[in-house]
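Subject: Structure for you to look at

Hello,

Here is the structure I said I would pass on. Please open it beside this email and find each residue as you read.

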Amino acid sequence: MKKFYEEMDAKKRESMVLGLVLGLVLLILLVISTFTGCGVELGTEKQRDLAYTVVAQDEVPEPLRAVMEEKKGKVYKETFCDGEYLYIAKSYGAQESSGYAITVEALYSTENSVHFKTRLSWTDTEEIQNASGSYPIIVIKTEQIEEPVVFD
(Lines give C-alpha, C1' and ligand atoms only; values in the text may rest on other atoms or scores of the structure.)
Protein backbone atom coordinates (compact mmCIF):
# COMPACT_ATOMS: atom_id res chain seq x y z
CA MET A 1 0.00 0.00 0.00
CA LYS A 2 2.85 2.35 0.84
CA LYS A 3 4.39 1.76 -2.58
CA PHE A 4 1.06 2.56 -4.29
CA TYR A 5 0.80 5.86 -2.39
CA GLU A 6 4.42 6.82 -3.23
CA GLU A 7 3.88 6.14 -6.94
CA MET A 8 0.93 8.55 -7.15
CA ASP A 9 1.81 12.05 -8.20
CA ALA A 10 1.17 14.96 -5.85
CA LYS A 11 -1.98 16.10 -7.61
CA LYS A 12 -3.63 12.67 -7.27
CA ARG A 13 -2.62 12.46 -3.59
CA GLU A 14 -4.09 15.90 -2.95
CA SER A 15 -7.31 14.91 -4.70
CA MET A 16 -7.54 11.69 -2.71
CA VAL A 17 -6.98 13.48 0.62
CA LEU A 18 -9.54 16.13 -0.31
CA GLY A 19 -12.08 13.38 -1.13
CA LEU A 20 -11.47 11.69 2.23
CA VAL A 21 -11.83 14.97 4.12
CA LEU A 22 -15.03 15.84 2.25
CA GLY A 23 -16.44 12.38 2.95
CA LEU A 24 -15.61 12.72 6.64
CA VAL A 25 -17.31 16.13 6.83
CA LEU A 26 -20.45 14.73 5.18
CA LEU A 27 -20.47 11.81 7.61
CA ILE A 28 -20.20 14.17 10.58
CA LEU A 29 -23.06 16.31 9.24
CA LEU A 30 -25.20 13.20 8.77
CA VAL A 31 -24.55 12.07 12.35
CA ILE A 32 -25.32 15.54 13.73
CA SER A 33 -28.58 15.84 11.80
CA THR A 34 -29.63 12.35 12.88
CA PHE A 35 -29.17 13.07 16.58
CA THR A 36 -30.49 16.62 16.60
CA GLY A 37 -33.56 15.84 14.49
CA CYS A 38 -34.91 17.74 11.57
CA GLY A 39 -38.36 19.18 11.30
CA VAL A 40 -40.59 22.11 11.77
CA GLU A 41 -40.98 23.34 15.28
CA LEU A 42 -44.67 23.88 15.82
CA GLY A 43 -45.42 26.97 17.87
CA THR A 44 -47.40 26.35 21.02
CA GLU A 45 -48.23 29.91 22.04
CA LYS A 46 -51.95 30.40 21.53
CA GLN A 47 -52.84 33.24 19.18
CA ARG A 48 -56.62 32.89 19.09
CA ASP A 49 -59.49 30.48 19.68
CA LEU A 50 -61.17 29.18 16.54
CA ALA A 51 -64.93 28.97 16.11
CA TYR A 52 -66.15 25.52 15.09
CA THR A 53 -69.27 23.50 14.40
CA VAL A 54 -69.72 19.81 15.21
CA VAL A 55 -70.65 18.12 11.93
CA ALA A 56 -73.40 15.49 11.76
CA GLN A 57 -72.28 12.21 10.14
CA ASP A 58 -74.54 12.74 7.13
CA GLU A 59 -73.03 16.21 6.51
CA VAL A 60 -69.40 15.05 6.40
CA PRO A 61 -67.89 15.64 2.93
CA GLU A 62 -67.75 12.44 0.86
CA PRO A 63 -63.92 12.17 0.63
CA LEU A 64 -63.60 12.36 4.43
CA ARG A 65 -66.59 10.05 4.93
CA ALA A 66 -64.90 7.43 2.72
CA VAL A 67 -61.74 7.58 4.85
CA MET A 68 -63.83 7.31 8.01
CA GLU A 69 -65.64 4.25 6.67
CA GLU A 70 -62.34 2.63 5.69
CA LYS A 71 -60.90 3.19 9.17
CA LYS A 72 -64.07 2.40 11.11
CA GLY A 73 -63.30 0.83 14.46
CA LYS A 74 -59.72 2.12 14.52
CA VAL A 75 -58.20 5.01 16.42
CA TYR A 76 -57.33 7.74 13.95
CA LYS A 77 -57.00 11.47 13.36
CA GLU A 78 -57.81 13.01 9.99
CA THR A 79 -58.09 16.42 8.40
CA PHE A 80 -59.75 17.48 5.17
CA CYS A 81 -60.06 20.83 3.37
CA ASP A 82 -62.81 21.42 0.84
CA GLY A 83 -61.66 24.88 -0.24
CA GLU A 84 -63.97 26.62 2.21
CA TYR A 85 -63.64 24.78 5.52
CA LEU A 86 -61.11 22.69 7.44
CA TYR A 87 -62.66 19.48 8.75
CA ILE A 88 -60.99 17.72 11.67
CA ALA A 89 -61.98 14.18 12.65
CA LYS A 90 -60.86 12.20 15.67
CA SER A 91 -61.88 8.61 16.33
CA TYR A 92 -61.39 6.78 19.61
CA GLY A 93 -61.74 3.37 17.95
CA ALA A 94 -64.05 0.50 18.84
CA GLN A 95 -65.48 0.58 22.36
CA GLU A 96 -67.19 -2.36 24.10
CA SER A 97 -70.35 -0.38 24.79
CA SER A 98 -72.01 2.89 23.93
CA GLY A 99 -72.55 5.76 26.30
CA TYR A 100 -69.49 7.81 25.50
CA ALA A 101 -69.37 11.55 24.92
CA ILE A 102 -66.60 13.47 23.18
CA THR A 103 -65.92 16.98 24.38
CA VAL A 104 -63.87 19.56 22.48
CA GLU A 105 -61.61 21.03 25.12
CA ALA A 106 -59.64 23.35 22.82
CA LEU A 107 -59.39 24.49 19.23
CA TYR A 108 -56.96 27.33 18.67
CA SER A 109 -54.30 28.58 16.31
CA THR A 110 -50.67 29.33 16.99
CA GLU A 111 -48.15 31.02 14.73
CA ASN A 112 -47.75 27.92 12.56
CA SER A 113 -50.28 25.28 13.64
CA VAL A 114 -53.83 24.52 14.73
CA HIS A 115 -54.30 22.69 18.05
CA PHE A 116 -57.25 20.37 18.61
CA LYS A 117 -57.85 18.76 21.99
CA THR A 118 -60.73 16.45 22.85
CA ARG A 119 -61.73 14.26 25.75
CA LEU A 120 -63.67 10.99 25.72
CA SER A 121 -65.89 10.60 28.75
CA TRP A 122 -68.21 7.92 30.07
CA THR A 123 -71.87 8.72 30.79
CA ASP A 124 -73.74 7.56 33.85
CA THR A 125 -76.80 6.39 31.95
CA GLU A 126 -77.07 2.66 32.67
CA GLU A 127 -79.42 2.04 29.74
CA ILE A 128 -76.87 3.49 27.28
CA GLN A 129 -73.92 1.71 28.89
CA ASN A 130 -75.54 -1.70 28.45
CA ALA A 131 -76.06 -1.20 24.72
CA SER A 132 -73.79 -2.88 22.16
CA GLY A 133 -70.38 -1.53 21.10
CA SER A 134 -69.77 1.85 19.55
CA TYR A 135 -67.22 3.85 17.57
CA PRO A 136 -66.94 7.27 19.22
CA ILE A 137 -65.87 9.86 16.65
CA ILE A 138 -66.15 13.60 16.39
CA VAL A 139 -65.94 15.71 13.24
CA ILE A 140 -65.77 19.48 13.44
CA LYS A 141 -65.47 22.15 10.79
CA THR A 142 -63.76 25.49 11.15
CA GLU A 143 -62.37 28.17 8.90
CA GLN A 144 -59.89 26.90 6.36
CA ILE A 145 -56.36 27.26 7.65
CA GLU A 146 -53.36 25.90 5.78
CA GLU A 147 -51.29 25.16 8.89
CA PRO A 148 -50.85 21.59 10.19
CA VAL A 149 -53.21 20.30 12.87
CA VAL A 150 -51.73 19.13 16.17
CA PHE A 151 -53.93 16.67 18.06
CA ASP A 152 -53.31 17.32 21.76
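Below are notes on a pocket and on some charged pairs.

This is a predicted model, in which local features need pLDDT of at least 70 and side-chain atom pairs count only at pLDDT 80 or more, while totals for chains, interfaces and linings use all residues. Residues are numbered from 1 along each chain as its sequence is written, and side-chain values use heavy atoms, with hydrogens and water left out.

The pocket

Rolling a probe the size of a water molecule over the atoms shows where empty space is left. Here a pocket is an open set of points on a 1 Å grid over the protein atoms alone, where a 1.4 Å probe fits, with protein on both sides within 12 Å along at least five of seven lines. The largest pocket has a volume of about 190 Å³ (the space filled by probe spheres set on the points, which are joined across faces, edges and corners). Its lining residues (those with an atom within 4 Å of a point) include R65, M68, E69, K71 and Y135. Helix 3 (residues 62-70) gives the largest share of this lining, three residues; helices are DSSP runs of H or I with at least four residues, and strands are runs of E with at least two, numbered from the N terminus. By type, the lining has four nonpolar, three polar and four charged residues. Asp, Glu, Lys and Arg count as charged, Ala, Val, Leu, Ile, Met, Phe, Trp, Tyr, Cys and Pro as nonpolar, and the others, Gly among them, as polar.

The salt bridges

Side chains of opposite charge can pair when their charged atoms come close. A salt bridge is a side-chain nitrogen of Lys or Arg within 4 Å of a carboxyl oxygen of Asp or Glu. The whole structure has six of them.

R48 and E143 form one, at 2.6 Å from N to O. R48 is in strand 1 (residues 48-49) and E143 in strand 7 (residues 137-143), so the pair ties together parts 95 residues apart in sequence.

R65, one of the pocket-lining residues, pairs with E62 at 3.2 Å between the closest N and O atoms. Both lie in helix 3, three residues apart, about one turn of the helix.

K71, also in the pocket lining, meets E78 at 2.4 Å, N to O. Is E78 buried or exposed? E78 counts as buried, at 17% relative accessibility (buried means under 20% relative accessible area, exposed over 50%, partly exposed in between, with a 1.4 Å probe and protein chains only). K71 is partly exposed, at 23%.

Regards
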